[in-house]
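Have the sequence and the 3D view open while you read.

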Amino acid sequence: MASCAHIADIARLQPPRLSQSVHREECTQCFDNQDHPLGIDVCLACFNGGCLGRERHHARTHAQKTGHHFTLNVKRKLKPSASRADDEEPPAKMTKLAIVEDRDEDKYEHKTALKCWKCDPENGLEIQNAMLDPHVKGLSDGVMQSLSSARQSEVKAWEEEILPCEHTLTLQQLSTGPIPASVSSYEGLAHCSKCDLKENLWLCLTCGALGCGRQQYGGLGGNGHGLRHYEETHHPISVKLGTITPEGNADIYCYTCNDAKQDPELAAHLAAFGINVQTQTKTEKSMTELQIEHNLKFDFSLTGEDGKALEPVFGPGLTGLSNLGNSCYMASVIQTVFSLPVFQERYYPSASAHWYTCTETLPADCVDCQMHKLADGLLSGRYSHPRPTNSGMTDPKAINPLAHDSPTPVFQEGVRPSGFKALIGKGHEEFSTMRQQDSEEFFTHLLTVLRRHAKKVGNGGKEPTDIFEFGMEQRLECGECKRVRYRVDGMDVVSIAVPAVEKGKDAEGKTLYEEVRLGDCLSTLTGVEALEYTCPGCQKNVIATKRSRFATFPQVLVLHAKKFQLVNWVPSKLDIPLNVSDTLRLDEYLGRGLQSGETELPDDKAAAPGLPQFNEAAMAQLEAMGFPTIRCQKALLATGNSDAEAAMEWLFAHMEDPG
Ligand SMILES: [Zn+2]
Ligand SMILES: [Zn+2]
Ligand SMILES: [Zn+2]
Ligand SMILES: [Zn+2]
Ligand SMILES: [Zn+2]
Ligand SMILES: [Zn+2]
Ligand SMILES: [Zn+2]
Ligand SMILES: [Zn+2]
């Protein structure tokens with residue numbers, strides 16, 4: 001029996017707090033995970049996850065670099081009886097409260113072991129019978145019961161969408177006093193006040209009445225007595241028992257708004273009924289957790305433009321990205337960026353060398369580490385293999401009757417870029433959420449993050465983001481004095497408007513559009529347009545002409561094709577075919593700066609520094625349409641601060657981009 005001389009040190013270690021990220025499913029530096037034969041090692045000091053494969057061995061480098069020497073080895077295996085048949089009919093309509101629950105514990109079994117890296121700095125020494133020690137068992141249970149870091153960031157992302165409503169903010173509670181402990185304790189005898197159900201129970205925050213929830217598809221039973229209580233009393237807010245955490249979070253439902261809401265005063269509202277949140281233990285999955293699981297089960301059909309099924313491919317550079325829920329905008333940007341040689345060269349060969357010079361404490365917090373992880377995941381080919389058939393998951397419909405119709409099975413599970421998403425989206429009001437986003441905006445954001453990081457670590461070398469940079473020249477000419485002004489703006493993306501010309505409808509009534517040539521879009525972009533202008537030379541309002549052309553060309557040109565139209569006040573994406581020829585000559589779109597014979601306009605004295613004066617009429621018009629002030633200002637700035645229509649177009653083009 002192996003014994004460890006350092007075991008006394010373990011008394012100082014504590015199980016993870018609810019707010020801590022626990023990387024117990026996957027290595028933070030590569031995509032090896034708990035399903036690997038060796039499993040992964042979770043550091044018991046900082047809860048980093050490290051792999052144990054011979055080539056990379058990120059658990060060893062973590063122990064060497066940090067001196068953290070106790071880990072919990074986690075291995076996951078599929079239970080033999082895991083293939084489940086689900087032949088119930090799908091419900092007519094899915095609601096937030098009706099979500100299929102697929103319990104991890106039912107499908108897999110986990111094996112854990114305590115290891116010491118002081119005893120064996122090469123591979124870590126497994127300490128036999130360590131789980132007999134109650135403190136070690138407590139640490140192990142704490143790690144295994146924590147939400148995995150991937151799931152935690154997804155839950156956080158969803159929860160950011162749940163806001164308080166006027167009903168949670170102005171809740172009036174009846175002074176009924178504490179309710180008996182046997183009712184409020186979820187483990188205890190609590191049941192619905194109108195029936196015998198003991199689970200799926202909701203507590204009315206106005207009067208303390210307990211009612212069961214609605215029937216959930218494939219999951220918990222419910223007779224809708226909570227809803228009945230609302231209809232009788234109009235008490236708006238209920239909290240789901242079993243979802244209350246010591247930090248004061250829980251599933252809150254507002255029946256008046258008919259939506260999930262947040263109650264910033266939940267702890268106080270519960271205290272009125274004698275419920276102390278600090279003693280509540282979370283026993284049920286919250287709606288958010290259930291919804292994520294549901295959302296992850298959607299798969300997209302694998303057909304080409306000709307409608308034929310696509311052939312599956314495998315190998316280096318042919319690795320898929322799993323859908324994290326509305327994350328296709330991100331997957332397309334990642335795949336495109338890592339198909340470019342400069343990005344491959346920057347992040348793939350040096351993936352293993354980086355960690356030794358990395359200055360971040362945790363790889364999960366390092367932009368470089370996460371870019372290296374993605375490069376290794378996508379380009380090594382190590383994770384590009386057919387999905388195992390014995391997992392019983394070849395047909396998405398087998399596990400989820402609502403999955404998209406897929407003419408072909410899903411061939412590979414690919415890698416899950418959740419660590420990348422959590423880090424890149426951190427602190428960003430849009431990309432930290434689970435909502436559908438616009439890929440062009442995400443691409444721009446990614447470039448900003450990469451450049452900020454490069455500046456911070458100051459490695460001086462050329463950054464791959466340079467290949468997208470180009471200058472856009474704007475030439476303005478006064479219609480009266482004919483004097484000119486040139487300005488060059490640095491850009492990474494050129495947005496082109498794609499004109500919609502209807503040419504009929506197909507058999508299903510879908511509108512068909514004329515094909516548009518890319519060259520025509522660029523000609524429009526670089527064409528001459530007239531505008532009103534206060535000429536600093538003529539000292540009056542004149543008609544001027546404006547022309548934008550490339551001042552320099554990028555190595556890789558990123559085009560953002562705007563194919564939107566307002567239909568009944570709802571922006572919709574139009575299916576306009578855009579013909580991009582194999583070669584494109586850009587010479588005719590190149591500007592040449594000030595020419596001999598041209599005279600420059602004097603400087604604008606009117607251009608005051610500081611915040612620009614936003615066009616008031618345009619602002620009012622945009623805000624009346626319900627756009628947030630900050631978005632309206634951004635749109636006006638981007639479109640010359642002149643008229644609402646241009647700004648509106650910009651707003652629509654920069655909204656979510658489905659698909
Ligand atoms: Zn690894
Ligand atoms: Zn550690
Ligand atoms: Zn030891
Ligand atoms: Zn009931
Ligand atoms: Zn009530
Ligand atoms: Zn409400
Ligand atoms: Zn790093
Ligand atoms: Zn003039």
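How many bridges join strand β9 to β10? There are three, and the two strands run antiparallel. Within that pairing, I252 has K261 of β10 as its bridge partner. (Strands are DSSP runs of E with at least two residues, numbered from the N terminus, and two of them pair if DSSP finds at least two bridges between them.)

A quick word on ground rules: this is a predicted model, where local features need pLDDT of at least 70, side-chain atom pairs count only at pLDDT 80 or more, and totals for chains, interfaces and linings use all residues. Residues are numbered from 1 along each chain as its sequence is written, chains are lettered from A and ligands numbered from 1 in the order in which they are written, and side-chain values use heavy atoms, leaving out hydrogens and water.

Now zoom out to the whole sheet. It's an open one of five strands, paired antiparallel in the order β7-β6-β8-β9-β10.

| Edge strand | Residues | Partners |
|---|---|---|
| β7 | 210-212 | a single partner strand |
| β10 | 259-261 | a single partner strand |

Because each has just that single partner, one side of each is left without a neighbour in the sheet.

Next, find the zinc ion (ligand 3). Its protein donors are C4 (SG), H6 (ND1), C116 (SG) and C119 (SG), lying 2.1 to 2.3 Å from it. (Donors are N, O and S atoms within 2.8 Å of the metal, or 3.2 Å for Na, K and Ca; water is not among the atoms, so sites may look incomplete.) H6 lies in the segment before β1 (40-43) and C116 in strand β4 (residues 108-116), so this pair ties together parts that are 110 residues apart in sequence.

Key. Helices (H or I, at least four residues) and strands (E, at least two) are DSSP runs, numbered from the N terminus.
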